[in-house]
Amino acid sequence: MKVLFRTKEESNQEQQAEFLKLRPVERIYAFLNLMERLKDYPTKATPKNKDNFLIEITLEEF
């Protein structure tokens, strides 16, 4: 295992350079893969209160 010490800016630049080396279709797949992995990422978000109700106002034709 290789440990690298660098700043956040250096790390971001390296990630961006690696991403831009990909072909456009590979970029799309990389993005979709990232979205798939992030769906299981733990968050602090709490579920919405299910006691809320929705008021819908519809316009009726006369």
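Author: Buried means under 20% relative accessible area, exposed over 50%, and partly exposed in between, with a 1.4 Å probe and protein chains only. This is a predicted model, where local features need pLDDT of at least 70, side-chain atom pairs count only at pLDDT 80 or more, and totals for chains, interfaces and linings use all residues. Residues are numbered from 1 along each chain as its sequence is written, and side-chain values use heavy atoms, without hydrogens and water.

Reader: What percentage of the residues in the protein chain is buried?

Author: The protein chain has 62 residues. The buried share of them is 2%.

Reader: How many helices and strands does the protein chain have, and what is its radius of gyration?

Author: Helices (H or I, at least four residues) and strands (E, at least two) are DSSP runs, numbered from the N terminus. The chain has 2 helices and 0 strands.

Reader: Why does Tyr-41 count as exposed?

Author: Tyr-41 lies in the segment after helix 2 (24-38). Tyr-41 counts as exposed because its relative accessibility is 55%.

Reader: How far apart are the C-alpha atoms of Lys-44 and Leu-20?

Author: Lys-44 also sits in the segment after helix 2. Lys-44 counts as exposed, at 84% relative accessibility. Lys-44 and Leu-20 are 24 residues apart along the chain. Their C-alpha atoms are separated by 32 Å.
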